[in-house]
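Work through the exercises below with the sequence and the model open. Each task is followed by a solution in steps.

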There are 2 protein chains.
Amino acid sequence: MATLKDVAREAGLSVGTVSRVLNNRGYISEETRQRVSAAMEQLHYQPNAMARSLSKRSSSMIGVIVPSISHPYFAKVLSCLESAAHEENYQLLLFCSQGKVSREEEYVRVCSSNRVAGLVLCSGSVKTGKLRNFGFPVVAFERHLNEADAGVECNNYEGGELAARELIRAGCRKLMCISGIGEVSMPADVRREGFLDVCRTHPEVEVQEFFCSPEHLEDLNYFPELKRFLDEDPDADGIFAGSDMIGIQLMSELGRRGRRVPQDVRIVGYDDVNLAQMTNPQLTTIRQPVEEMARECIRIIVKAAGGQSIPSRTMFPVSLERRGSTELADCIIK
Amino acid sequence: MATLKDVAREAGLSVGTVSRVLNNRGYISEETRQRVSAAMEQLHYQPNAMARSLSKRSSSMIGVIVPSISHPYFAKVLSCLESAAHEENYQLLLFCSQGKVSREEEYVRVCSSNRVAGLVLCSGSVKTGKLRNFGFPVVAFERHLNEADAGVECNNYEGGELAARELIRAGCRKLMCISGIGEVSMPADVRREGFLDVCRTHPEVEVQEFFCSPEHLEDLNYFPELKRFLDEDPDADGIFAGSDMIGIQLMSELGRRGRRVPQDVRIVGYDDVNLAQMTNPQLTTIRQPVEEMARECIRIIVKAAGGQSIPSRTMFPVSLERRGSTELADCIIK
DNA sequence: TTATATGTGTTAAGCGATTGACACAAAATG
DNA sequence: CATTTTGTGTCAATCGCTTAACACATATAA
């Protein structure tokens with residue numbers, strides 16, 4: 001492949017000058033610019049990103065670690081991150097931890113090896129001291145910060161509140177709250193708190209709590225657990241699902257049991273993945289502004305790369321997307 | 001960050017020796033190995049992948065271009081690719097073309113800039129001459145080869161045949177064939193051919209063809225088109241959906257119209273994304289062995305990186321996954 | 001007419017590794 | 001004892017690009 005030197009020779013210029021053109025430094029005449037780009041064209045020159053990164057001591061790559069790629073929520077996050085990164089001329093180095101801490105740690109090392117400009121951590125939580133001083137910022141996406149340098153999250157407490165109010169508004173009295181993740185200090189925890197706090201102000205409603213184990217982030221199969229929950233509490237009339245995936249599977253299972261949504265039981269999901277609009281009825285859900293959140297992550301990393309200081313915590317609002325699973329009227333017209 | 005030099009100093013060895021340990025070249029005593037790894041530990045040394053790549057003139061990164069990340073099919077492909085790449089100690093550089101050729105071409109250039117070990121192209125098709133001689137192999141995933149160096153695909157013709165036979169077996173006589181992509185020389189084309197060829201051998205069945213426009217790969221919303229199709233041909237009793245996403249939305253829309261699946265109309269999807277098992281009824285579909293296909297892609301690139309020659313075309317078999325959307329009996333028991 | 005701004009070239013060091021040539025031990029083998 | 005194998009060190013070049021220092025033009029402004 002052609003190198004800078006070749007381009008310089010072809011253009012009849014020195015390497016220094018060509019490099020100046022590429023990096024827009026110092027004074028360059030229009031004519032020189034033309035000659036350089038002509039030569040680059042001629043030779044199909046592609047600057048060697050490795051060499052550049054080596055020189056600059058940092059690359060234009062951003063690491064991303066997700067627990068699962070095929071989970072629609074993370075697929076959406078990934079998609080938004082890619083789009084935001086592209087706008088800033090960064091590339092994504094993708095890693096899937098499958099929820100395993102050992103893989104997470106390995107991937108953090110690989111990121112460090114590759115001198116990424118930053119790391120977006122959507123997965124678990126590497127423990128104390130493992131993250132600091134890697135020379136690049138670590139941004140936690142919808143995770144508790146632990147050792148990250150910054151956190152981007154949405155208002156999960158408010159999300160829980162919205163869900164509870166929606167079910168109560170629709171007339172539900174016997175509620176179920178199914179949390180996606182059982183571990184402590186996860187976003188799902190805060191959602192549950194918001195939900196339960198609202199319920200407590202309504203003495204007429206009654207709530208049962210259930211927990212799905214976190215390993216289902218990968219296989220996405222919540223059916224066995226959901227069946228158990230529904231067996232245990234068969235006549236709930238309103239269910240808050242900790243994620244849309246739980247909500248969708250819940251509707252499918254309820255259908256199999258002959259319970260109609262929303263006539264017999266109403267469901268509120270969480271995340272607003274695009275699948276939530278592809279079920280019948282469509283799933284009412286708490287929407288996270290994932291696009292904005294992803295953009296913020298990238299912006300933080302770009303800022304840090306530019307030597308600027310970064311906000312340690314950014315919180316985004318959520319909103320209720322009312323659809324057919326809580327409102328009969330919404331079932332009719334699409 | 002610590003460099004090789006630092007490690008050498010810390011271990012009381014020379015740079016050459018340490019490099020030998022890292023790359024397992026020449027003779028090294030056990031004691032030296034110990035001292036090196038102790039020093040690396042001490043200094044939290046992470047070899048600089050940029051420097052290494054520059055020296056070796058190739059990196060351990062593999063580029064992947066998909067048209068959409070949030071599409072469950074590509075999310076699955078991506079997930080399998082990541083897993084396979086990890087096994088071979090490669091990393092994934094992720095790009096989303098959104099179906100735009102201009103972005104594809106840009107991304108191919110970025111890959112070239114980054115001296116990737118290879119590129120897996122799951123998206124569209126960069127035209128003549130744009131791909132050859134980049135210095136790394138381009139593997140087309142479920143795409144026609146055009147200018148790629150290798151292709152990995154599954155037997156789409158057989159998939160179409162299987163779908164037709166399944167619907168006919170179930171007693172359907174008035175079929176619809178909805179192709180996901182209208183363009184020529186796409187895998188969906190071959191699927192349709194297989195489907196139609198089988199239908200032709202059954203004079204008692206009648207088929208209507210429909211085409212969805214390819215832009216829905218990104219937004220995933222096929223509803224408007226599907227509604228039109230169903231309006232046009234409201235009494236079909238068997239539908240072959242060109243992809244599971246089409247199949248799922250079809251079932252949702254049919255539900256809204258009061259048509260029962262599988263009693264009134266039977267559906268066969270394509271791909272077997274995990275969502276196909278989360279609907280009610282579950283979706284019968286043609287399964288692609290995506291895991292194996294992804295592994296093959298990575299293997300091809302690793303082979304090429306090792307200087308070996310690579311197969312220009314690899315085809316995998318598909319299989320029918322019979323579920324509730326074509327078989328009433330399968331609706332009852334999960 | 002000085003100064004200052006603008007445009008270009010040369011040179012050399014550095015980024016952090018890899019790699020090969022060569023030298024020189026000590027240990028194992030014949 | 002001579003030879004081969006094993007283990008380590010030194011040195012220098014290379015990968016392709018960035019960047020600073022310095023020199024030398026010409027053009028423009030004060």
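**Exercise 1.** State which rotation and shift superpose chain B on chain A.

Solution. A 180° rotation with 0.0 Å of shift along its axis places chain B on chain A, with an RMSD of 0.1 Å; copies are superposed by least squares on the C-alpha atoms of residues with pLDDT of at least 70 in both. That is the relation of a two-fold axis. Next, take the interface, where contact means heavy atoms within 4.5 Å. Of the interface residues of chain B, 100% are also interface residues in chain A, so the copies meet through the same surface.

The model is predicted: local features need pLDDT of at least 70, side-chain atom pairs count only at pLDDT 80 or more, and totals for chains, interfaces and linings use all residues. Residues are numbered from 1 along each chain as its sequence is written, chains are lettered from A and ligands numbered from 1 in the order in which they are written, and side-chain values use heavy atoms, with hydrogens and water left out.

**Exercise 2.** Find how many residues surround DNA strand D, and which are the closest.

Solution. The count is 25, with Leu4(A), Tyr45(A), Thr17(B), Ser29(B) and Thr32(B) the closest; a residue is near a strand if one of its heavy atoms lies within 4 Å of it. Of the atoms of DNA strand D that come within 4 Å of the protein, 68% belong to sugar and phosphate.

**Exercise 3.** Identify what part of DNA strand D lies 2.5 Å from a polar side-chain atom of Thr17(B).

Solution. Polar contacts are pairs of N or O atoms within 3.5 Å.

Technical notes
A polar contact is a pair of N or O atoms within 3.5 Å; within protein, one must be able to donate a hydrogen and the other to accept it, and residues adjacent in sequence count only if both atoms are side-chain atoms.
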